[in-house]
Amino acid sequence: MPRTNHVRPESVTPRWILRHRPPEQSLFSGIYGLVLASALVAALDATGEKADPGPDALWVLLTALAAGAAHGYAHVIAQRASSDGVATMSRLRLVLAEWPLVAAVLPTVGILLAAVAGWWSEATAADTALLLNTVALFCWGTWAARIAGYGWPSSCRAGSLDMLIGLVIIIADALID
């Protein structure tokens, strides 16, 4: 009787699908990036200081890059610890998989750079970025719930809870300044 080998699903699945990041991980990183950008804009836009949106934009971008690299490296360390030191995926790919975190701060950086160009004041740019990020938190939270299979009312409630994070940052910014 001929021996049949069991074919593992990984061996017939195209490699590009195996490398594709699940949407919930991208959503996690994107929401994290939006919260990070909002908190940084609120902290960097101090009342009474000389307006300097260029360095603020640079700080938002550099902090997102550092946070993405740190988060990706934490995945590398966790994978190394859980698989006896053998990485099943390239370490660089684990770090680069944090691109949604960096991508989520780019609109904020763009808004701050528009203030550098003189299109509006730094205070207006900061307020605009905080508002945009809060709306984006609602949208991403709603989208994440829809992907998880929730209906529209439940998804909007989930988005509203995510948006609450942005509102807390806006309120804290108003109270601290």
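Modeller: Helices here are DSSP runs of H or I with at least four residues, numbered from the N terminus. The model is predicted, so local features need pLDDT of at least 70 and side-chain atom pairs pLDDT 80 or more, while totals for chains, interfaces and linings use all residues. Residues are numbered from 1 along each chain as its sequence is written, and side-chain values use heavy atoms, leaving out hydrogens and water.

Biologist: At what angle do helix α6 and helix α7 pack, and how far apart are their axes?

Modeller: Two packed helices are described by the angle between their axes and the distance between the axes. Axes are lines fitted to C-alpha atoms over the stretch in contact, and angles run from 0 to 180 degrees between N-to-C directions. Helix α6 (residues 99-116) packs against helix α7 (residues 122-147) at about 160°, with the axes 9 Å apart. The two helices are therefore roughly antiparallel (over 145 degrees; under 35 is roughly parallel, 65 to 115 roughly perpendicular, the rest oblique).

Biologist: Which residues of α6 and α7 meet?

Modeller: Contact means heavy atoms within 4.5 Å. From α6 come P107, T108, I111, L112 and A115; from α7 come E122, A125, T128, A129, L132 and N133. By class, this contact has seven nonpolar, three polar and one charged residues (nonpolar: Ala, Val, Leu, Ile, Met, Phe, Trp, Tyr, Cys and Pro; charged: Asp, Glu, Lys and Arg; polar: the others, Gly among them).

Biologist: How do α7 and helix α8 pack?

Modeller: The axes of α7 and α8 (residues 152-176) come within 7 Å and cross at roughly 155°. That makes α7 roughly antiparallel to α8. The residues of their contact divide into twelve nonpolar, seven polar and three charged.

Biologist: Is E98 buried or exposed?

Modeller: Buried means under 20% relative accessible area, exposed over 50%, and partly exposed in between, with a 1.4 Å probe and protein chains only. E98 lies in the loop between α5 (91-96) and α6, and at 3% relative accessibility E98 counts as buried. The side chains of E98 and S29 are joined by a polar contact of 2.9 Å (a pair of N or O atoms within 3.5 Å, one able to donate a hydrogen and the other to accept it; residues adjacent in sequence count only if both atoms are side-chain atoms).

Biologist: Where is W59, and which residues does W59 touch?

Modeller: W59 sits in helix α4 (residues 53-82) and counts as exposed at 52% relative accessibility. Leaving aside residues up to four places away in sequence, W59 touches L40 and L44. The C-alpha atoms of W59 and V41 are separated by 9.3 Å, with the two residues 18 apart along the chain.
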